[in-house]
Amino acid sequence: MPVQMSDEDFDEAASRALDMIPEALRSQLDNVTVFVEDAYQPQPGEHPDTVLLGLYEGIPLTERGAEPWAMPDRITLYKEPILQMCASREEVVQQVTITVIHEVAHFFGIDDETLHRLGWG
């Protein structure tokens, strides 16, 4: 049975996870927005059963040029699959933290293979 958690409590877990990122890195998260949505909607061409816990959309710092403008990068956390995979509120907080760090790492240009190897997959 999925864990029950209010939107406010889930948002608080996401805020705490962002606060855990060292200030030297957090200060570089300029022009990045964080959203919470219920569930990922697979895109055309994706398997319809695709489930994501989080998603980074944007241009990683390692790939940026000298553009004078840029749309904000976006990190989205997907509440329902996180709640469904966890057995307790503590596990939810832990999984939100892992997911936030994983997606922020993509902003810094770290790929999935490296994140999995480091235990942040």
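Me: Buried means under 20% relative accessible area. In this predicted model, is phenylalanine 107 buried or exposed?
Reply: Start with its relative accessible area, which is 0%. The cut-off for buried is under 20%, so phenylalanine 107 counts as buried.

Me: What about phenylalanine 108, buried or exposed?
Reply: Phenylalanine 108 has 19% relative accessibility. Buried needs under 20%, so phenylalanine 108 also gets the label buried.

Me: Where does isoleucine 110 sit in the chain?
Reply: Helix H4 covers 89-107 and helix H5 covers 112-117. Isoleucine 110 falls in the loop between H4 and H5.

Me: And how does isoleucine 110 count in terms of accessibility?
Reply: Its relative accessibility is 32%. Under 20% would be buried and over 50% would be exposed, so isoleucine 110 lands in between, as partly exposed.

Me: How far does H4 reach from its first C-alpha to its last?
Reply: H4 has 19 residues, and the expectation at 1.5 Å a residue is 27 Å. The model comes close to that expected value, with a reach of 27 Å.

Me: Which glycine takes a positive phi just after H4?
Reply: Look at the loop that leads on to H5. There a phi of about 90° turns up just after H4, and the residue that takes it is glycine 109.

Me: What is the strand order in the open sheet?
Reply: S1 and S3 are parallel, with six bridges between them. S2 and S3 run antiparallel, joined by four bridges. The edge strands are S1 and S2, each pairing on one side only, and the sheet has the order S1-S3-S2.

Me: Which residue in S3 is the bridge partner of tyrosine 56?
Reply: You can follow S3 through its partners: aspartate 73 bridges to valine 32, while leucine 77 stands opposite glycine 54. For tyrosine 56, the bridge partner in S3 is isoleucine 75.

Me: How many aromatic pairs are there?
Reply: Rings pair if their centres lie within 6.5 Å. By that rule the count is three.

Me: What kind of aromatic pair do tyrosine 40 and tyrosine 78 form?
Reply: Tyrosine 40 is in the loop between S1 and S2, and tyrosine 78 is in strand S3, 38 residues apart. Both are buried. Their ring centres are 5.7 Å apart with 70° between the planes; over 60 counts as edge-to-face, so this pair is edge-to-face.

Me: Which ring does the charged end of arginine 74 sit over?
Reply: The charged end lies 3.9 Å from the ring's centre. That ring belongs to phenylalanine 35.

Conventions:
Residues numbered from 1 in each chain as written. Predicted model: local features only at pLDDT ≥ 70, side-chain atom pairs only at ≥ 80, totals over all residues. Heavy atoms only, no water. Helix = DSSP H or I, 4+ residues; strand = E, 2+ residues; numbered from the N terminus. Buried < 20%, exposed > 50% of the residue type's maximum accessible area, 1.4 Å probe, protein only. Expected span 1.5 Å × (residues − 1). Pairing = 2+ DSSP bridges. Phe/Tyr/Trp six-rings, centres within 6.5 Å; stacked < 30°, edge-to-face > 60°. Lys NZ or Arg CZ within 6 Å of the ring centre and 35° of its normal.
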